[in-house]
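I opened my notebook to walk through this structure one region at a time. Here is what I looked up, in the order I went.

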Amino acid sequence: MSIRRLPPELINRIAAGEVVERPASALKELVENALDASASQISVRLYAGGLELIEVVDDGSGMTPDEMRLALERHATSKLPDDAIEQVTSFGFRGEALPSIASVARLSLESRPRGGDGWRIEIDHGEMVGEGPAAFPPGTRIKVEGLFDKVPARRKFLRSPRAEYAACLDAVKRLAMARSDVGFTLDHDGRRILTLLAAGAPARVAELLSHELDRHGIGIECVRNGMRLTGVISLPTFNRGVADQQYLFVNSRPVKDRLLTGALRAAYRDLIARDRHPIAALFLEVPLEEVDVNAHPAKTEVRFRDAAAVRGLIVGGLRHALDEESGRSAAREQAAAPVMWTNSESYARNFDHERPPVAAVREEQHSFVVDDVAPQGRAEPATEPVPNFPLGVARGQVAATYIVAEAEDGLVIVDQHAAHERLVLERMRAAREGGAIARQALLIPEVVDLDEPGCDRLEGASADLAEMGLDLERFGPSTILVRSVPAALGKTDVAGLLSDLAAEIAELGGPMSLRDKLDHVAATIACHGSVRAGRVLSVAEMNALLREMEVTPRSGQCNHGRPTWVKLGHGEIEKLFGRR
Ligand SMILES: Nc1ncnc2c1ncn2[C@@H]1O[C@H](COP(=O)(O)OP(=O)(O)OP(=O)(O)O)[C@@H](O)[C@H]1O
Ligand SMILES: [Mg+2]
């Protein structure tokens with residue numbers, strides 16, 4: 001592959017801007033170059049978070065001495081042989097990275113093409129200071145030292161070695177996930193941090209995110225409109241306090257895209273508390289013409305021709321997978337217990353989700369009231385055989401909080417409050433989806449001032465919003481008139497809601513916030529409307545609760561993402577007593 005200087009018209013079409021702003025961005029460029037050179041093994045060494053040293057060694061194609069010199073020139077690349085940026089599948093295409101790094105550090109480039117000899121070039125802040133033969137196996141080694149030492153303006157913005165190291169690690173992880181077929185090692189301050197053997201994507205993702213995903217992950221595979229989405233997401237109950245483990249790859253390119261954050265939020269809406277975040281690694285393959293990779297100087301963002309379709313694929317695909325798995329829960333707390341408490345997946349699959357609960361909103365206060373509510377059921381005799389209900393038959397209640405049930409294959413324990421809360425929320429949602437959403441007309445329409453693009457967005461989404469109970473009208477270039485709000489929102493800060501909505505529509509391309517808000521309210525109401533912990537239930541009430549759980553979607557988690565039930569299998573009970 002020969003390197004050429006790009007013609008000026010092409011240079012001008014390339015997204016301009018800062019290529020390297022911190023060690024992690026330099027490292028990312030170097031690893032991408034190694035991948036573009038078809039390396040099968042890449043070794044990264046860092047000192048002080050890359051501030052002192054970044055070294056990347058690959059066993060890829062290597063370069064001849066002439067190519068090395070050209071590689072260090074601006075706008076020289078081997079990756080755009082025919083000016084077609086739209087068709088590029090390599091990571092690089094600008095011919096910017098090496099010269100940019102070389103201009104702000106001391107750089108040593110050693111390379112040897114297959115069948116050729118090794119050569120070394122030393123650059124000090126853009127000036128060549130030496131070159132000569134080098135003994136080196138085929139491939140390339142690049143060392144970057146003292147990054148930004150002589151660039152105080154940049155130096156100022158660098159963070160501690162620890163923080164820079166964290167960013168470097170993230171960059172390596174992203175690329176290693178994108179290309180699981182390549183082996184990687186990473187050393188920091190002389191310590192081996194990662195050893196990754198070439199593997200398939202699922203194994204690589206599990207290695208880098210969490211092995212727990214084997215048990216608590218849901219595999220994704222869906223195809224729509226010529227696009228394909230694969231990967232893994234975590235069960236709602238297996239979540240994190242920060243959104244730091246969400247990865248999106250578009251045609252094998254790691255991208256940071258708000259689209260993913262928004263789509264994840266939408267897919268897990270009401271399955272997970274607002275301050276908790278799922279884990280996700282999603283691989284999207286789209287036809288080259290659907291995506292513009294030349295959208296950002298650091299190549300970390302892409303632009304989709306049809307962002308709404310991509311979002312639809314992600315939200316739809318994930319939601320479908322989540323609903324399919326809805327009876328399953330991660331039972332996180334139990335994972336560390338001496339015996340394994342698990343929700344049986346196979347049972348979850350047997351749940352009949354074809355019959356959604358269809359109670360009216362007004363009924364949500366009703367709980368499992370049956371005629372005989374006298375406390376009982378401390379120890380139901382288990383004379384008759386256990387019918388084959390996935391969650392079993394209630395045998396009693398413990399601490400007035402947990403229902404103990406006997407299933408065919410083990411003992412089921414249900415958190416009555418968590419479970420009922422979920423059921424109430426699902427009933428309310430079903431009513432809403434059935435079109436029974438109540439609106440509250442405002443006696444005096446509320447006038448809200450917003451910026452013009454915000455008004456445009458709200459106006460554009462007004463039909464959707466009206467469906468959810470929010471009727472609005474454009475009243476002037478930067479004014480919106482609100483005639484009604486969803487009744488469930490009660491007294492609400494209409495101006496705040498509208499400005500949040502406008503921002504969210506911009507970000508997500510769909511009015512999510514209102515649904516979110518409604519769900520939030522619905523969840524709060526559900527919580528108040530549900531059977532409290534500490535309430536004594538009759539056996540009939542307990543059984544009614546179990547049966548409804550079996551037919552209610554997403555009943556494996558409460559509205560806060562905690563499990564609602566766990567099962568101790570017969571095998572595990574036997575182990576407890578040393579019978580196995
Ligand atoms: N590790 C490597 N092995 C083989 N060739 C390399 C390596 N690194 C760089 N090159 C060559 O040097 C050229 C310039 O690299 P550079 O990273 O500056 O630009 P690029 O990868 O073409 O585009 P971009 O600026 O978008 O990364 C590449 O096109 C490639 O031919
Ligand atoms: Mg490059």
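I began with the secondary structure, and the protein comes to 19 helices and 24 strands. For my own bookkeeping, helices are DSSP runs of H or I with at least four residues, strands are runs of E with at least two, and both are numbered from the N terminus. I am working with a predicted model, where local features need pLDDT of at least 70, side-chain atom pairs count only at pLDDT 80 or more, and totals for chains, interfaces and linings use all residues. Residues are numbered from 1 along each chain as its sequence is written, chains are lettered from A and ligands numbered from 1 in the order in which they are written, and side-chain values use heavy atoms, with hydrogens and water left out.

**Whole protein**

I looked up burial next: 54% of the 580 residues count as buried. Buried means under 20% relative accessible area, exposed means over 50%, and partly exposed lies in between, with a 1.4 Å probe and protein chains only. The accessible surface is about 25,800 Å², and carbon and sulfur atoms hold 52% of it. Those areas come from the Shrake-Rupley method with a 1.4 Å probe, and for residues only the protein chains shown count as cover.

I also checked contacts, meaning heavy atoms within 4.5 Å. Among contacts with a separation of 6 or more, 71% are between residues 24 or more positions apart.

The axes are lines fitted to C-alpha atoms, for helices over the stretch in contact, and angles run from 0 to 180 degrees between N-to-C directions.

How do α2 and α6 pack? Helix α2 (residues 23–36) meets α6 at an angle of about 25°, and their axes are 8 Å apart. That makes α2 roughly parallel to α6; the cut-offs are under 35 degrees for roughly parallel, over 145 for roughly antiparallel, 65 to 115 for roughly perpendicular, and oblique for the rest. On the α2 side the contact includes Leu27, Val31 and Leu35, and on the α6 side it includes Ala167, Ala171 and Leu175.

I then moved on to α6 and α7, which pack at about 160° with axes 9 Å apart. That makes α6 roughly antiparallel to α7. Lys173, Ala176 and Met177 of α6 touch Arg204, Val205 and Leu208 of α7. This crossing of α6 and α7 is left-handed.

Which residues of α7 (residues 201–208) are buried? I listed Arg204, Val205, Ala206 and Leu208. Their cover includes α6 (161–178), β9 (183–188), β10 (191–196), α8 (213–216), β12 (227–234) and β15 (280–285).

**Strand β5**

I turned to β5 (residues 106–112), where five of the seven residues are buried, so the strand is largely enclosed by the rest of the structure. Two strands pair if DSSP finds at least two bridges between them. Six bridges join β5 to the antiparallel strand β6 (residues 119–124), and Leu107 stands opposite Ile123 of β6. β5 and β6 form a hairpin with six residues between them, and Gly115 in the turn has a positive phi of about 80°.

Seven bridges join β5 to β8 (residues 139–145), again antiparallel. Arg112 has Gly139 of β8 as its bridge partner.

**The sheet β18-β19-β20-β24**

I traced four strands in an open sheet, in the order β18-β19-β20-β24, with antiparallel pairing. β18 (393–398) and β24 (565–569) are at the edges with a single partner strand each, so one side of each has no neighbour in the sheet. The twist averages 25° from one strand to the next. Five bridges join β18 to β19 (residues 402–407), and Val393 has Glu406 of β19 as its bridge partner. Helix α18 (residues 539–551) packs on the sheet, touching β18, β19, β20 (410–415) and β24, and its direction makes about 115° with that of β18.

**Two positive phi values**

I ended with two loop residues. His75 has a positive phi of about 60° although it is not a glycine, and it lies in the loop between α3 (65–71) and β4 (76–77). Is His75 buried or exposed? His75 is buried, with a relative accessible area of 16%.

Asn225, not a glycine either, has a positive phi of about 50° and lies in the loop between β11 (217–224) and β12. Asn225 is exposed, with a relative accessible area of 62%.

Terms used. A crossing is left-handed if the near helix is turned anticlockwise from the far one by less than a right angle, and right-handed if clockwise.
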